[in-house]
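Let's take a walk through this model together. Have the sequence and the 3D view open side by side, and we'll begin at the ligand.

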Amino acid sequence: MKIAILSRNENLYSTRRLKEAGESRGHEVDIIDTLHCYMDITRSRPAVRYHGKQLPKYDAIIPRIGASITFYGTAVVRQFEMMGTFSVNESIAISRSRDKLRSLQLLSRKDVGLPRTGFANKADNIPDLIKNVGGAPVVIKLLEGTQGIGVVLAETNKAAESIIEAFMGIKADILVQEFIKEAGGSDIRCFVVGGKVVAAMKRQAAEGEFRSNLHRGGSAKLIRLTKEERATAVNAAKVMGLNVCGVDILQSSHGPVVMEVNSSPGLEGIETATKKDIASMVIEFIEKNGKPGNTRSRGKG
Ligand code: ADP
């Protein structure tokens, strides 16, 4: 097959591994820099142009769209969909997953376990917002944050009120969430491919830290998921409409709760922790599903 990986940097671990895995399974794999694609939106012949030429017809694309380029990146993916190219994750599902509030609302509609979460735009009734998620300690999150930046633990109601006021004062969008203390500074990353959890790892925060992000000094180890955790991850991926994703789960006293669903999950941490060849599983998924026109929305969304 002819496969394109949409990625800003061919040297990234995930990009390299996907190319390697594709080629070793006999496919032709190109890495295309998403931001260098430009589009010809002709009525009957949509095309993507790149460095002065029209890109050839690919059987499938693997979008690796970073959070900072979601807007343009999803437009490029949509253009491929309009051309009938199969996308591992559809543009509409990627956009959906990038909006934290929308994601939580969609997950809650389908009864996926979530931490009690509230959000507001105005500082009208901050004490009530805090009370509604169970009172302090609470976690306050910047909607725009990634890699744990902008995730704050407020131990008292007073501290929570001042932090929320401060964020609202600078017009930053936030959500307020019940602090899952019993998770003990750890979370579970489930890697889902084609409706199955193919690998999982438990990430533990560094001493004195509650955020388990590997970028923040967290460490990862293998974990055997419970049936309920596995079902939660699979269900979350399904609700978001993502074929390949990372579902982050906290082990709470009221069962597994989903924190986030990531549409471009990194391969390095999970392949290292589990010693599994996840890149090849993504390619196998494409081999089974990457037929022309097999993209549900065909660029409509
Ligand atoms: P980001 O998307 O920036 O990584 P997350 O929402 O995943 O932000 O939060 C970063 C880390 O903080 C998580 O991996 C988890 O360890 C911890 N964390 C986040 N929300 C909660 C919560 N409600 N209760 C307990 N720990 C949390």
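**Around the ligand and beyond**

The ligand is surrounded by 20 residues, with Lys141, Gly148, Ile180, Asn213 and Glu260 the closest; a residue counts as near if one of its heavy atoms lies within 4 Å of the molecule. Before going on, some housekeeping: this is a predicted model, where local features need pLDDT of at least 70, side-chain atom pairs count only at pLDDT 80 or more, and totals for chains, interfaces and linings use all residues. Residues are numbered from 1 along each chain as its sequence is written, and side-chain values use heavy atoms, with hydrogens and water left out.

One of its oxygen atoms is 2.8 Å from a side-chain N or O atom of Glu260. Ser212 puts a polar side-chain atom 2.9 Å from a ligand oxygen, while from Glu178 a backbone N or O atom lies 2.9 Å from a ligand nitrogen.

Now zoom out. The protein chain is split into domain 1 (2-96), domain 2 (117-179) and domain 3 (182-284), with bounds that come from an automatic or database domain assignment. How far apart are the C-alpha centres of domain 1 and domain 3? They lie 25 Å apart. In contact terms (heavy atoms within 4.5 Å), 18 residues of domain 1 touch 19 residues of domain 3. Between them the two domains bury about 1,600 Å², 55% of it on carbon and sulfur atoms; buried area here is the accessible area (1.4 Å probe) that two parts lose on being put together, summed over both. On the domain 1 side, Tyr13, Arg25 and Asn89 lose the most area to domain 3, together 30% of what that side buries.

What about charges and polar pairs? The interface of domain 1 and domain 3 has 3 salt bridges, the rule being a side-chain nitrogen of Lys or Arg within 4 Å of a carboxyl oxygen of Asp or Glu. Arg25 turns up again here, in a salt bridge with Glu284 whose closest N and O atoms are 3.5 Å apart. There are also 12 residue pairs in polar contact between domain 1 and domain 3, both residues at pLDDT 80 or more. For that count, a pair of N or O atoms must be within 3.5 Å; within protein, one must be able to donate a hydrogen and the other to accept it, and residues adjacent in sequence count only if both atoms are side-chain atoms.

Over the structure as a whole, there are 13 salt bridges. In one, the side chains of Asp33 and Arg8 meet at 3.1 Å, N to O. Asp33 sits in the loop between β2 (28-32) and β3 (37-40) and Arg8 in the loop between β1 (2-6) and α1, so the pair ties together parts that are 25 residues apart in sequence. Those labels are DSSP runs numbered from the N terminus: helices (H or I, at least four residues) and strands (E, at least two).

Most residues other than glycine have a negative phi, and most peptide bonds are trans. His51, in the loop between β4 (47-50) and β5 (53-54), has a positive phi of about 45 degrees although it is not a glycine. The peptide bond from Ala136 to Pro137 is cis, with omega near 0 degrees, and Pro137 is found in the loop between α5 (126-132) and β9 (138-142).
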